[in-house]
Amino acid sequence: VASAASGSAVGRRQAHNQRAALQHLTRLSGAFSARARAAACGCRAALPNAYAWLGEPVAAWSVTGGEELGDGSLPADALRRFMLKRRRCDYFNTQNHLVSMISRLSSDLAGISEKEERNACLAATLGVVNRWLLDRRIFMTCMNEGNLNLLGLHIPLIWRNDCRHQILRVHVDQCKIFASATRAPFLLAFETADLDEGGMKSHEAAEALAHCLVAELAVAAAEAAFEAE
């Protein structure tokens with residue numbers, strides 16, 4: 001009995017910490033506008049901004065917990081179904097916005113005549129996308145309900161009809177713009193993975209993602225320090 005009570009207390013404490021972390025992330029995301037965050041990455045205001053096109057990396061509904069449905073008296077199973085339905089809806093909307101943003105970027109780059117400037121604008125815009133992806137993965141580490149693939153970005157490809165792989169990072173240095181008379185099509189090189197692979201439970205996948213995220217941040221900090229020298 002004592003062991004069960006202890007486990008229950010730990011579960012409640014973890015749930016409280018998770019909610020507090022999500023609320024903190026929401027406050028941080030609301031502290032700066034989408035334009036300010038894009039400008040910090042060196043992206044022009046006229047170019048597509050991932051924070052404006054794809055929405056906030058931290059989903060507000062995950063923090064409110066469905067409070068917009070009423071006074072909180074909704075049964076837990078009904079609330080969970082609502083949250084998962086909301087996640088699926090947001091997922092498909094985000095994928096549509098991603099494709100639209102890529103098309104818009106191609107058109108906007110065509111209006112830049114200088115090749116070097118055009119490449120710089122492409123790199124800056126994709127840098128904002130990478131920052132958005134990083135913020136979203138931080139948010140994903142706090143989630144333990146449903147599949148992680150519904151929180152990521154996915155570009156539908158026919159290869160193996162795989163719709164579960166999501167984009168981890170755009171390799172900006174490998175992206176290039178092709179010559180065109182009317183538009184500026186570009187090669188988009190990105191890394192993908194199935195974060196739900198292996199049949200792990202959602203909280204186990206989130207924990208594994210957290211370890212990968214810490215390693216990624218450490219590598220980024222080391223690279224920044226090396227460039228500063």
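Glutamine 166 counts as buried, because its relative accessibility is 3% (buried means under 20% relative accessible area, exposed over 50%, and partly exposed in between, with a 1.4 Å probe and protein chains only). The model is predicted, so local features need pLDDT of at least 70, side-chain atom pairs count only at pLDDT 80 or more, and totals for chains, interfaces and linings use all residues. Residues are numbered from 1 along each chain as its sequence is written, and side-chain values use heavy atoms, with hydrogens and water left out.

Glutamine 166 sits in strand β1, which covers residues 166–170. Helices (H or I, at least four residues) and strands (E, at least two) are DSSP runs, numbered from the N terminus. Apart from neighbours within four places in sequence, glutamine 166 touches several residues, including Met140, Leu148, Glu191 and Leu195; contact means heavy atoms within 4.5 Å.

Now consider the whole chain. It has seven helices and four strands, in the order α-α-α-α-α-α-β-β-β-β-α along the sequence. Of its 229 residues, 34% are buried. Among contacts with a separation of 6 or more, 70% join residues 24 or more positions apart.

Five salt bridges are found in the structure. A salt bridge is a side-chain nitrogen of Lys or Arg within 4 Å of a carboxyl oxygen of Asp or Glu. One of them joins arginine 37 to glutamate 56, with the closest N and O atoms 2.6 Å apart. This pair links distant parts of the chain: arginine 37 is in helix α2 (residues 34–40), while glutamate 56 is in the loop between α3 (50–53) and α4 (60–64), 19 residues apart. Arginine 37 is buried because its relative accessibility is 13%, whereas glutamate 56, at 35%, is partly exposed.

Another salt bridge connects glutamate 117 and arginine 44, at 1.9 Å from N to O. Here too distant parts of the chain are linked, with glutamate 117 in helix α6 (residues 115–140) and arginine 44 in the loop between α2 and α3, 73 residues apart. Glutamate 117 is partly exposed at 32% relative accessibility, and arginine 44 is partly exposed at 40%.

Within helix α5 (residues 76–110), aspartate 90 and arginine 86 lie four residues apart, about one turn of the helix. They form a salt bridge whose closest N and O atoms are 4.0 Å apart.

The structure also holds one aromatic pair. Tyrosine 91 and phenylalanine 92 form this pair edge-to-face, at 5.2 Å centre to centre and 75 degrees between the planes. Rings of Phe, Tyr and Trp (its six-membered ring) pair if their centres lie within 6.5 Å; planes under 30 degrees apart count as stacked, over 60 as edge-to-face and the rest as tilted.
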